[in-house]
Amino acid sequence: MSQDFNVYDVVLKQLDDAADELDLDPQIKLLLKEPVRTLKVSIPVRMDDGSINIFNGIRCQHNDALGPTKGGIRFHPKVDENEVKALAAWMTYKCSLVGIPYGGAKGGVECNPKKLSIGELERLSRGFIQAISPIIGPNKDIPAPDVYTNSQVMSWFMDEFSKIKGVNSPGLVTGKPLVLGGSFGRDSATARGLMYTVREAAKALSIDLKGARVVVQGYGNAGSFSAEFLHELGCKIIAANDSCGGVYNPKGMDPFKLRSHKTDHSTICDYSDSERISNEDLLTLECDILVPAALENQITPEIAKKVNCKLIAEAANGPTTPDADRILTDNGIIVIPDILANAGGVTVSYFEWVQNMYNYYWTKEEVDSKLERIMVEAFNKVYKTHLERNVTMRVAAYIVAIQRLNEAMKARGWVE
Ligand code: NAD
């Protein structure tokens, strides 16, 4: 995920745009510009052949004015510091926007989990938690899954931390399996939240969702569940891809079959009943709703000029570059920005943490209805700000988020 440009500059540009519009106190802006803490660690891991390998890991805590920091940990061959800083900052804005009492953090380990045995993956996961244990905890900083980490990795994280502290600590991480204090609905929460924002946007923009053509880039957790929920609203999934390639069928594909194909074959690129499609052709396909759900920096200016949809719902973090954003705006394409569209994940993570702290568990219906209320409220605040101030949905989302952070930092006395 190393970039041709510094992805943290994207975050600073987004902060600038909203700060200008808000006439934000320069001291508040200064505090939001740099993360409060970044810890880099080296993790020695005994490999199956008996040799020792050193892996690089990082945990970045961006801002904790609203509460303990929160954010996922990704295992990926190209984790870099600027990317982790950017993802941590987006978490700060996202948590603030949806009104949950968390700051933002993110972490990563530079590795290729597909090439590690299960034993190596477990030793790496435990080693990473040992290395960052001084700065994390249920009331300090709470990790979660991200790209190529899952509920098994979270279980090892929680177990290792509990052993280090000598206290069972389910509230250390979210995204755990149900049996270890996970929450109903966490697996699909990002996508469910995205679906609520798309539903509200469709109402506001008079887009008929019955038969609306949807394209999904990145058929992983966020992408596959988004396809399923949008399908349940009546949409037609006409194209989807993953890192191996893409598939297209103008008549629509069954998203549930696509997901089980991915489970069985580790990819969807050889799914039957479809034509092959390149990543660029997929992103620029004529459709109603485009859901980028892979990685950052996917909708570049070159792609944006050719994007041919009414609405983009950003499941991924940072999929659109600032220059591309301007082109989309000029072309009348509405973007539900990442910090709003994918905030369902951290919202249900918050619910999981609350349940862990109380040691009292909710039903799936309770989780879903609480999530719906938060997502609809956040969408409405952003949409109202977008209309009242005549700014893009992204700037509007940052304005709502920064107003709450501003209030918290002032109340704490960090700024007069
Ligand atoms: P995941 O690992 O489950 O899925 C990622 C998918 O993207 C995989 O299928 C992979 O093959 C595919 N992919 C990778 N590179 C690609 C490329 N160049 N073109 C097309 N597909 C590609 O990860 P995820 O958890 O679904 O996360 C995806 C994005 O959503 C990330 O940006 C993540 O930060 C964001 N996100 C996820 C959650 C969550 O709860 N899972 C929450 C908020 C944001």
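This is a predicted model: local features need pLDDT of at least 70, side-chain atom pairs count only at pLDDT 80 or more; totals for chains, interfaces and linings use all residues.
Residues are numbered from 1 along each chain as its sequence is written, and side-chain values use heavy atoms, with hydrogens and water left out.

**Ligand surroundings**

- Domain 1 (34-170) and domain 2 (189-341), whose bounds come from an automatic or database domain assignment, both give residues to the shell around the ligand, so the ligand lies between them.
- The ligand has 24 residues around it, of which T190, N221, A222, K262 and N317 come nearest; a residue counts as near a molecule if one of its heavy atoms lies within 4 Å of it.
- The shell divides into nine nonpolar, ten polar and five charged residues, with Ala, Val, Leu, Ile, Met, Phe, Trp, Tyr, Cys and Pro taken as nonpolar, Asp, Glu, Lys and Arg as charged, and the others, Gly among them, as polar.
- At least two residues of this shell are supplied by each of α7 (221-232) and β7 (236-242); helices (H or I, at least four residues) and strands (E, at least two) are DSSP runs, numbered from the N terminus.

**Ligand oxygen distances and cover**

- An oxygen atom of the ligand is 2.6 Å from an N or O atom in the side chain of T190, and an oxygen atom of the ligand is 2.9 Å from an N or O atom in the side chain of K262.
- For N221, a polar backbone atom is 2.9 Å from an oxygen atom of the ligand.
- Of the 820 Å² of accessible area that the ligand has on its own, the protein covers 87%, with areas computed by the Shrake-Rupley method and a 1.4 Å probe.

**Aromatic pairs**

- The structure holds nine aromatic pairs, a pair being rings of Phe, Tyr or Trp (its six-membered ring) with centres within 6.5 Å, counted as stacked if the planes are under 30 degrees apart, edge-to-face if over 60 and tilted otherwise.
- The rings of F128 and F157 have centres 6.3 Å apart and planes at 50 degrees, so this pair is tilted.
- F128 lies in helix α4 (residues 118-132) and F157 in helix α5 (residues 151-165), so the pair ties together parts that are 29 residues apart in sequence.
- Ring pairs also link Y102, Y350, F351, W353 and W362 into a cluster.

Terms used:
A polar contact is a pair of N or O atoms within 3.5 Å; within protein, one must be able to donate a hydrogen and the other to accept it, and residues adjacent in sequence count only if both atoms are side-chain atoms.
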